[in-house]
Amino acid sequence: MQTTKTMKQTCSILLAASSLLWSATAVAAARPRYGGTLRLAVKETPATFDPATLATAGPAGLSRLVFETLTTLDERGRPQPGLAVSWQVEPGNQRWRVLLRNGVSFHDGAILDANAVGASLRASNPNWKIVASADTVIIETDTAEPGLPAELALDRNSIFRRAGGKIGGTGPFSIAQWDSGKRLTLKANDQYWAGRPFLDSIEIDFGKDYREQATLLDLAKADVIEIAPENIHRAQAEGRTVINSEPSKLMALAFAGGPTSEDEAHARAALTMSIDTTAINNVVLQGGGVPAGALLPNWETGYAFTFPVGGSTEIAHQERAQSRRLTSWTLGYDASDSISRVIAERILLNARDAGITLQLASSGATDLRLLRISLPSAEPHVALTELSKALQLPGPKFSSSSVAALYSAEASLLQTHRIIPLVHVRSAVALRANVHDWITFPNGEWRIENVWLAPEKP
Amino acid sequence: MLTRNPTNHQTDATAIYNSPNPRMHLPSRARLVCCVIALLAFVSIAHAADWRQLAAQLSSKIAAATGPDVIALDIANRSSISAAEVENIRRNLADMLANSGVRVWQPEQAAGSVKVTLSESLQNYVWVAEVRQGTNELSVVMVSMPRPESTTSAQNSLPLTLHATTLLSQPDPILDIAVIEGSPRRMMVLGGNSVTPYEFRDGHWLPGQPLAINHARPLPRDLRGRIVLRKDHLFDAYLPGQVCHSTNAAPLGMTCAGSDDPWPLQVEDSAVSAFFAPARNFFTGALVPGIGQQKSAPSFYSAAAVPRDKYALWVLTGVDGQLHLLDGINQQTLTKIRWGSDLAAIHVLCRVGSQVLASSAGNDSPDTVQAFEFPDREPVAVSQKLELNGNVTALWTAQNGQNAIAVFRDADNENYEADLLNLACGQ
């Protein structure tokens, strides 16, 4: 058996006190203070708090306060021990042996064992063959999965337990109250294996638009709010404490299917090159992101700059000239998102300049849609695979784990002409001054299990 | 002026033991400059070797794409690589391409063009070559190499000089260290799960068999602990909700039990002790036997005693973020003073009274430690700030009362580093 990763047995506090910060409120020499309730206001409105669905509905990182995964990714996207302390793979990368952490219990007191882990993983991965035995879980996959440790860190692979009509995890907080789509109250897990969190509880108000959130922060009724990408600079100028991610959330146009003819492929290429993504970023988003030619951002791959971004009228006309038929498409967008509408209107104008007719539609089936998708993982191979699933693109094929192989796989996806990357936007939060140790990873994921509240200054 | 003795910094996963020799053959500033130059030179040489390897890989890929040809070479830098290094990389690439039959020439006279971009991601350096030849389509080749952990360093310089001498650096948390002077020198290192004895031999601290501490319940976050040498047995170790006593005879052993016994706030016997919250990171405020008539104080993280003629002035860093003074009768809150959470009282022989080492309270990283005296009720700085390359996780008075043990989480390698802090006069 080939050992690919064997983690050191470090004490739980080492993990809990991890200082792998990307963007964080730096706290120098002041010890963390136990107690208090952290109040968050967010825009999303998740209908359930099931780990399988929250991954796509709630702010990234929220679910892992309650539901943990076998592995976690550090700020560079490298797998680290979570509920698993080590993992080994057999030659061929299809059979993985995962050793579970001892002394972990669910919020209802049940001990975490291999059977519980197996049940959770089977629910989210029906194609995996999972054998549970004592403190070990063996995972067998149909195809080689060299990136399985990173995949295990996805929210959808959270370990949970359903009992008595309730769902619970092993995380630092348990669910105290869930008011569907409106409010979630979490309370500290005193028995958490990596040490009780500093906070006593967290209250999250869902469904608050950005203006409401700003008011709640100003009235000291919220400690943390989200900042729209287009308002990051303004919030900083107003003196707010703002923490933002790298440009990670992808705004893109997604076609419902592949081009049916060479003509249409050229028309799609013409549309791609006609869209002035630099102006969209600078004007509409106020520099809250970067123009994108690739699905994955450059900070994650190092090569994204090689994919051309839109805004070249000349190339757009050349491509359009190679398409012999007139093109007219309907473009759908999220009507509840005012920025989406403005961007859709700009795209319409850019397309018209290139001889392409677009009609905007805020509902119903459309030829293409304007989407906003969070980066699913800080590990690029996993991120590309998950993005492909979300966009209903063909699964990427990696010939190896190299950067060059990643590039080839992404280039192939873009050549399907089914997706037009526009902008990678930042996600950001504003904090009250007493909130410490808030961490936002480069991919926008919140890591807030170590947050603590300082006493208010007299 | 302030100095640090960052001896033998390494990034191995195993423990690193450093010479504690505080005697410096060179003046401290000169020593520091030498260390920095040596470190930079080492880093530069190490990178140069890596760059050559990466350049060789990229040149062979470019040559495979172009075949023998004359090309224009353009290099753009989108990474953290310095301009000087970029120039070296350019020369290396041109030489290696020439060896592969690809000549680099002026753009107007070249048959093709190669744009090399030195890029990077979170994990890797990524060098990308975009190759154009004639009317052929653009071809893209790339090579990559893992990026090292980030490297930074920090340094800073009144009447007293604060020195730090590294004792130990290791991946696992260090809660406290008790140094036992003698021949050989020994020290007991308290971690979250063990007490490990070390001996200083041949210029290195050598670890002995760790004495395990078994826990009945999860340890709290921001774990703290104290180890104190005793007269009738070697040591007592205090952890939240647990106390361990060593044996008083060889072989060295230790027994631990759940206990809410108070932790000593001073190293002397019959000194003031305080109860520590069993699942938290602070003292509850209950004092034994008390400070004068005061049997309790606000909950606090750390305390330091400043002896006066007829009483001791105690300085406490409260959980409320305030600095509290107790003189045995009155309690006073210094609302304008913003210190960090950790204090340690030490006594330097050239000064009257005690000094208080305090961690910084600002939001700047790295943390600093500074020495203060209390001529009256207001602290006066008596040293500049000593920068520690990371966040302070522990600061305790050492067993002799003349030094302090500071532990910080090294921002470069994430190791826990324990330093012996001492104040020197007239330097």
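A:A123 sits in helix α3 (residues 114-124) of chain A; helices here are DSSP runs of H or I with at least four residues, strands are runs of E with at least two, and both are numbered from the N terminus. This is a predicted model, in which local features need pLDDT of at least 70, side-chain atom pairs count only at pLDDT 80 or more, and totals for chains, interfaces and linings use all residues. Residues are numbered from 1 along each chain as its sequence is written, while chains are lettered from A and ligands numbered from 1 in the order in which they are written.

A:A123 is partly exposed, with 14 other C-beta atoms within 10 Å. On this scale a residue is buried if 20 or more other C-beta atoms lie within 10 Å of its own, exposed if 12 or fewer, and partly exposed in between, with C-beta atoms placed from the backbone. From A:A123 to A:G109 there are 14 residues in sequence and 22 Å in space, taken C-alpha to C-alpha.

Turning to the sheet, chain A has an open one of 7 strands with mixed pairing, in the order β12-β13-β14-β3-β15-β23-β16. Two strands pair if DSSP finds at least two bridges between them. The edges are held by β12 (173-179) and β16 (241-244) of chain A, each with a single partner strand, so one side of each has no neighbour in the sheet. Ignoring direction, neighbouring strands are turned by 20 degrees against each other on average. At one end, β16(A) runs antiparallel to strand β23 (residues 428-431) of chain A, and 4 bridges join the two. Within this pairing, A:I243 stands opposite A:V429 in β23(A). Helix α5 (residues 210-218) of chain A lies across β3 (37-41), β15 (224-227) and β23 of chain A, at about 145 degrees to β15(A). Such angles run from 0 to 180 degrees between N-to-C directions, and the axes are lines fitted to C-alpha atoms, for helices over the stretch in contact.

Next come two packed helices: α12 (residues 380-390) and α13 (residues 403-414) of chain A meet at an angle of about 15 degrees, with their axes 11 Å apart. That makes α12(A) roughly parallel to α13(A), the term used for angles under 35 degrees. The α12(A) side of the contact consists of A:P380, A:H381, A:L384 and A:S388, and the α13(A) side of A:L406, A:A409, A:E410 and A:L413; contact here puts C-beta atoms, placed from the backbone, within 7 Å.

The loop between α12 and α13 of chain A holds A:Q392, which has a positive phi of about 55 degrees although it is not a glycine. A:Q392 is exposed, with 12 other C-beta atoms within 10 Å. A:D437, also not a glycine, has a positive phi near 65 degrees and lies in the loop between β24 (435-436) and β25 (439-440) of chain A. A:D437, however, is buried, with 20 other C-beta atoms within 10 Å.

Chain B contains 2 helices and 33 strands, and buried residues make up 43% of its 427 residues. The peptide bond from B:S183 to B:P184 is cis, with omega near 0 degrees; B:P184 falls in the loop between β9 (176-180) and β10 (186-190) of chain B. Another cis peptide bond joins B:V288 and B:P289, with omega about -5 degrees, and B:P289 is in strand β20 (residues 283-291) of chain B.

Definitions and conventions: Parallel < 35°, antiparallel > 145°, perpendicular 65-115°, else oblique. Contact = placed C-beta atoms within 7 Å.
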